[in-house]
Amino acid sequence: MSMINYASREINCKIVYYGPGLCGKTTNLEYVYNKVRPETRGKLISLATETERTLFFDFLPVDLGSIRGFNTRFHLYTVPGQVYYNASRRLILKGVDGVVFVADSQAERMDANYASMQNLYENLAEYGYDPRTLPMVIQYNKRDLANAVNLGELRAQLNPDSLADFEAVATKGMGVFDTLKAVSKLVIKSLG
Amino acid sequence: MNPAATSWAFEAQDLERLDALLGAFLDGSQARCALLLDRTGRLLTAAGDDAGFDRVSFASLAAADFGASDQLARLLGEREFRSLYHQGENGSMYLVDVAGHAILAALFDARTTLGRVRLKTKAVVPEFASLFAQIAARDRTVGARLEAGWLTEVEDEIDRLFAE
């Protein structure tokens with residue numbers, strides 16, 4: 001999954017933001033792009049439709065810099081959430097080191113969250129990944145909305161294995177970095 | 001597919017050999033620039049004049065382009081499309097699969113021809129494939145040789161970088 005280059009002393013890790021359409025995956029990446037120090041990030045690439053829905057993926061490289069001689073870089077990707085883009089989603093999961101599942105907290109999106117989670121497991125299985133060992137965290141986004149489901153119910157539906165999870169309002173940045181920190185650390189630990 | 005097949009640990013001598021093959025390919029094909037990337041979009045190495053373009057973004061987009069074409073091939077009943085060609089006004093791009101492990105991308109202009117690039121690609125791909133097979137056969141436990149204390153320092157840097 002990850003790539004370590006002992007010659008150029010680089011480590012590259014791939015983190016994918018997954019979840020149903022309009023749950024806030026791209027918003028997470030945009031927030032990270034706008035908030036990290038400019039010298040630590042590359043270009044934010046978005047392959048989107050004219051209506052700004054993700055068509056293929058968003059991509060943002062973030063560089064931790066040199067630590068004990070190794071330059072560590074995270075490649076952050078989003079997938080298109082809409083159900084009919086599954087072929088694209090599966091492609092983006094290739095070589096993944098860690099997953100952030102972004103759930104939409106709104107009551108009317110619970111079925112979509114659940115379907116997307118099932119779809120994630122199916123696509124991971126196609127590549128031979130074991131979801132129980134792959135670094136993964138869950139973000140419950142849109143916590144500021146009046147129709148947000150309570151946290152206990154979200155956890156019961158989407159997080160039966162008690163993965164690390166975070167409440168978020170990605171449009172305001174709440175929970176975005178906490179989520180990214182958690183998944184990055186899980187990925188780094190998994191290298192050892 | 002075993003996920004470990006996309007996990008790589010490159011030694012200095014691997015890069016030397018990849019770079020030597022890439023350099024020879026560049027000389028023979030007269031391409032402006034050649035890049036080697038893995039199928040998940042990570043740049044492995046490059047040679048030639050890259051004219052300062054963003055190589056990290058290039059690798060990510062080229063791998064996605066290639067992956068999408070692979071899926072298109074399957075939809076059409078083909079096992080795979082082994083190469084991709086994009087023609088531009090001043091420069092063109094030729095991408096070719098390296099045994100499912102990597103993608104060789106050649107960027108070229110009017111100083112050479114697609115035919116020549118194709119011919120040289122055909123010659124060098126088996127050599128790249130053999131090298132990747134050797135690298136893939138080795139132990140790829142990534143963290144085995146990272147210094148003690150590295151993990152703690154990386155975690156501290158993650159906290160510093162991803163802070164409000």
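Tutor: Helices (H or I, at least four residues) and strands (E, at least two) are DSSP runs, numbered from the N terminus. The expected span of a helix is 1.5 Å times one less than its number of residues.

Student: Fine. What kind of model is this?

Tutor: This is a predicted model, in which local features need pLDDT of at least 70 and side-chain atom pairs count only at pLDDT 80 or more, while totals for chains, interfaces and linings use all residues. Residues are numbered from 1 along each chain as its sequence is written, chains are lettered from A and ligands numbered from 1 in the order in which they are written, and side-chain values use heavy atoms, with hydrogens and water left out.

Student: How many helices and strands does chain B have?

Tutor: Chain B has four helices and six strands. Along the sequence they follow the pattern β-α-β-β-α-β-β-β-α-α. The C-alpha trace of chain B spans about 50 × 35 × 35 Å along its principal axes.

Student: How much of chain B is buried?

Tutor: Of its 164 residues, 51% count as buried. Buried means under 20% relative accessible area, exposed means over 50%, and partly exposed is in between (1.4 Å probe, protein chains only).

Student: Back to helices. How far does α2 of chain B reach?

Tutor: Helix α2(B) covers residues 55-75, which is 21 residues, and reaches 30 Å from its first C-alpha to its last, close to the 30 Å expected.

Student: What sits at the start of α2(B), and what follows α2(B)?

Tutor: At the start, a side-chain oxygen of Asp54(B) reaches to within 3.2 Å of the backbone nitrogen of Val56(B). That is a polar contact: a pair of N or O atoms within 3.5 Å, where within protein one must be able to donate a hydrogen and the other to accept it, and residues adjacent in sequence count only if both atoms are side-chain atoms. After the helix comes Gly77(B), with a positive phi near 85°.

Student: New topic. Which residues touch the most other members of the largest nonpolar core?

Tutor: Ile15(A), Val32(A), Phe74(A), Leu76(A) and Trp150(B), out of 38 residues in that core. Elements that give two or more residues to this core include β2 (10-18) and β5 (70-78) of chain A, and α4 (150-161) of chain B. The largest share, seven residues, comes from α5(A). A nonpolar core is a set of buried Ala, Val, Leu, Ile, Met, Phe, Trp, Tyr and Cys residues joined through side-chain atoms within 4.5 Å.

Student: How many residues of α5(A) are buried?

Tutor: Eleven of its 15 residues, so α5(A) is mostly covered. Among the buried ones are Phe177(A), Leu180(A) and Ile188(A).

Student: What is Leu76(A) in contact with?

Tutor: Leaving aside neighbours within four places in sequence, the partners of Leu76(A) include Ile15(A), Val32(A), Phe59(A) and Leu180(A). Contact means heavy atoms within 4.5 Å.

Student: How many residues does the contact take from chain A and from chain B?

Tutor: The contact takes 51 residues from chain A and 46 residues from chain B. The area buried between the chains is about 4,500 Å², of which carbon and sulfur atoms give 64%. Met3(A), Tyr6(A) and Arg68(A) supply 16% of the area that chain A buries against chain B, more than any other three residues. Buried area is the accessible area (1.4 Å probe) that two parts lose on being put together, summed over both.

Student: What does Leu146(B) touch?

Tutor: Leu146(B) touches Ile4(A), Ile11(A) and Phe70(A), not counting residues up to four places away in sequence. Leu146(B) lies in the loop between α3 (114-137) and α4 of chain B, and counts as buried because its relative accessible area is 14%.

Student: And Thr40(A), buried or exposed?

Tutor: Buried, at 5% relative accessibility. The side chain of Thr40(A) reaches the backbone oxygen of Arg37(A) at 2.6 Å. Thr40(A) also touches Leu161(B), among others.

Student: Last one. How many disulfides are there over all chains?

Tutor: Zero, in a search of the whole structure. A disulfide here is a pair of cysteine sulfur atoms within 2.5 Å.
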